[in-house]
Amino acid sequence: MLSISSRRLVRGGLGTLVGVLVLPLIGSAPAGAQQDTRGSAKAVAMTELDFLLGDYTCAYTDLTLEEPTTVTLNWDTKKTLEGKFYEMHLKSPAFEGRWVFGLNTVDNQYTSFYWDTWGNTGTASSPGWKRGMLRFQGPYVTPGGHADSKDEFRVVNSDRFTDDAFIRFEGQPWKQISHVDCRRS
């Protein structure tokens, strides 16, 4: 059961933050990620998102609170639609969300769709791995209004990745809202 401060995190900051997740990864691109010597991505492939597949226990730190608070989330990702998309199921005692990743072959980039039980929805895209980071960025609708979001994924090793999420409301600078550290369960 969540404490009062944890419930506030989950209902307030966590809901807004998870709604605009942009998964950062600390480290280098996973094996198989193709990059040229200038750091620009070549043709993107779903296999470069394989680090997301499986069951993870994630430490979700809400950075929007006066005192940052960490709660545990479960993230599990499976292939769907003949492997053309990967669907992530995010869950805690007071929250549930879905995040679907796929390919936009016309523009040679990844695409994602997000929604959760608190009414956060959004889409984002990524040109692929650059300098060890995979950034998804795009428009979201949150309980606080329309916002731009970005998630920056980094792979630490084959059993661990991180996601740093940022949000920007119109006329405001980017603000980091969370840090998520996921370890294979």
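Analyst: Let us begin with an idea needed for the inside of the protein: a nonpolar core is a set of buried Ala, Val, Leu, Ile, Met, Phe, Trp, Tyr and Cys residues joined through side-chain atoms within 4.5 Å. Please keep in mind throughout that this is a predicted model.

User: How many residues does the largest nonpolar core have, and which of them have the most contacts inside it?

Analyst: In general, nonpolar side chains in soluble globular proteins tend to be buried together. Here the largest nonpolar core has 30 residues, and those with the most contacts inside it are Leu49, Phe51, Trp75, Trp99 and Phe153. Several strands give two or more residues to this core, among them S1 (54–62), S2 (69–80), S9 (145–157) and S11 (175–184).

User: In which sense do S1 and S11 pair, and over how many bridges?

Analyst: S1 and S11 pair in the antiparallel sense over seven bridges, and within this pairing Cys58 stands opposite Cys182 in S11. Strand S10 (residues 160–168) also pairs with S11 in the antiparallel sense, over eight bridges, and there Ala165 stands opposite Ser178. The hairpin of S10 and S11 has six residues between the strands, and in it Gly171 takes a positive phi near 80°.

User: How many disulfides does a search of the whole structure find?

Analyst: The general idea is to look for two cysteine sulfur atoms within 2.5 Å of each other. A search of the whole structure finds one disulfide, formed by Cys58 and Cys182, whose sulfur atoms are 2.1 Å apart. The pair links distant parts of the chain, with Cys58 in strand S1 and Cys182 in strand S11, 124 residues apart. The link of Cys58 and Cys182 is right-handed, with 110° about the S-S bond.

User: Is Cys182 buried or exposed?

Analyst: A residue counts as buried if its relative accessible area is under 20%. Cys182 has a relative accessible area of 0%, so Cys182 is buried, and Cys58, at 1% relative accessibility, counts as buried too.

User: Why does His89 count as buried?

Analyst: His89, which lies in strand S3, counts as buried because its relative accessibility is 18%, and the cut-off is under 20%. Leaving aside its neighbours within four places in sequence, His89 is in contact with Asn74, Trp75, Asp76, Glu96, Gly97 and Arg98. With one of these, Arg98, the side chain of His89 makes a polar contact of 3.0 Å. The C-alpha atoms of His89 and Trp99 are separated by 6.7 Å, and these two residues are 10 residues apart along the chain.

User: Which backbone oxygen lies 3.0 Å from a polar atom of the side chain of Thr77?

Analyst: The backbone oxygen is that of Leu52. Thr77 has its place in strand S2 and counts as buried at 4% relative accessibility. Leaving aside neighbours within four places in sequence, the residues in contact with Thr77 are Leu52, Leu53, Gly54, Tyr86, Glu87 and Met88.

Terms used. Residues numbered from 1 in each chain as written. Predicted model: local features only at pLDDT ≥ 70, side-chain atom pairs only at ≥ 80, totals over all residues. Heavy atoms only, no water. Buried < 20%, exposed > 50% of the residue type's maximum accessible area, 1.4 Å probe, protein only. Helix = DSSP H or I, 4+ residues; strand = E, 2+ residues; numbered from the N terminus. Pairing = 2+ DSSP bridges. Contact = heavy atoms within 4.5 Å. Polar contact = N/O pair within 3.5 Å; in protein donor to acceptor, adjacent residues only side chain to side chain.
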